[in-house]
Amino acid sequence: MKRVFIAALMITGLPVLAVAETCPAAPDHIAGIDALLAQTQAATSQADARVFSGQMWELWTDAPDARAQVLLDRGMRMREAWDLTGALVELNTLVEYCPAYAEGYNQRAFVNYLQQDFAAALRDLDIAIELSPNHVAALSGRALSLLGLQRLEEARDALNYALQLNPWLSERALLEPGGLLDPPGEDI
């Protein structure tokens, strides 16, 4: 009942701080993510891997409480609609409210990446990864942010690590011959 009440307050735009002032601990999905990563590594097709990836997203975006869920969902919807300023407002509020919730940082990093503020994205991704070391999306986002900063060797290393966890990431194309992170070869 309390979740419905908080969600109703958030939709109306009324302040919720009086109802819930502290964010509870984020749900512990480590075992679930690890199991999905193992299934992804064993996948024999891109389609199978995509199913497991979608399940990982369900776990990553499972916010600590109703208020955090509303902030996350609103921020993601705004980002998808390219209201990046509005998305940052929501995600800043989420990170302030739930500083131990990795997905708040990951989503804010994505918005900063879209704004080509790669340094800000990298700062948030580092926090997200510290909070959730096997967050493959944050790891690949870190590689993309490093690429944006022209830190190519670090970007290669970051992407290679992410690919160890999920070999099906679409970003793997960056390491292929001719890709932006194609390792430099030797001249003949």
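This is a predicted model: local features need pLDDT of at least 70, side-chain atom pairs count only at pLDDT 80 or more; totals for chains, interfaces and linings use all residues.

A disulfide, as I use the word here, is a pair of cysteine sulfur atoms within 2.5 Å.

**Entry: the disulfide**

I searched the whole structure and came away with 1 disulfide. The partners are Cys23 and Cys98, with 2.0 Å between their sulfur atoms. I then looked up the torsion about their S-S bond: at about 95°, it makes the disulfide right-handed.

Which parts of the chain does the pair tie together? I found Cys23 in the loop between helix H1 (2–12) and helix H2 (30–42), and Cys98 in the loop between helix H5 (84–97) and helix H6 (102–114), so the bond joins parts 75 residues apart in sequence.

**Entry: buried or exposed?**

I checked each cysteine in turn. Cys98 has a relative accessibility of 2%, so I put it down as buried.

**Entry: H5 against H6**

Next I turned to the helices on either side of the Cys98 loop. The axes of H5 and H6 come within 9 Å and cross at roughly 155°. With over 145 degrees as the cut-off, H5 and H6 are therefore roughly antiparallel. I noted the crossing of H5 past H6 as left-handed.

From H5, the contact residues include Leu84, Leu88, Leu91 and Val95; from H6, they include Tyr105, Arg108 and Val111. Sorting the residues of this H5–H6 contact by type, I got 9 nonpolar, 4 polar and 1 charged.

Methods:
Residues are numbered from 1 along each chain as its sequence is written. Side-chain values use heavy atoms; hydrogens and water are left out. Helices (H or I, at least four residues) and strands (E, at least two) are DSSP runs, numbered from the N terminus. Buried means under 20% relative accessible area, exposed over 50%, partly exposed in between (1.4 Å probe, protein chains only). Axes are lines fitted to C-alpha atoms, for helices over the stretch in contact, and angles run from 0 to 180 degrees between N-to-C directions. Angles under 35 degrees count as roughly parallel, over 145 as roughly antiparallel, 65 to 115 as roughly perpendicular and the rest as oblique. A crossing is left-handed if the near helix is turned anticlockwise from the far one by less than a right angle, and right-handed if clockwise. Contact means heavy atoms within 4.5 Å. Ala, Val, Leu, Ile, Met, Phe, Trp, Tyr, Cys and Pro count as nonpolar, Asp, Glu, Lys and Arg as charged, and the others, Gly among them, as polar.
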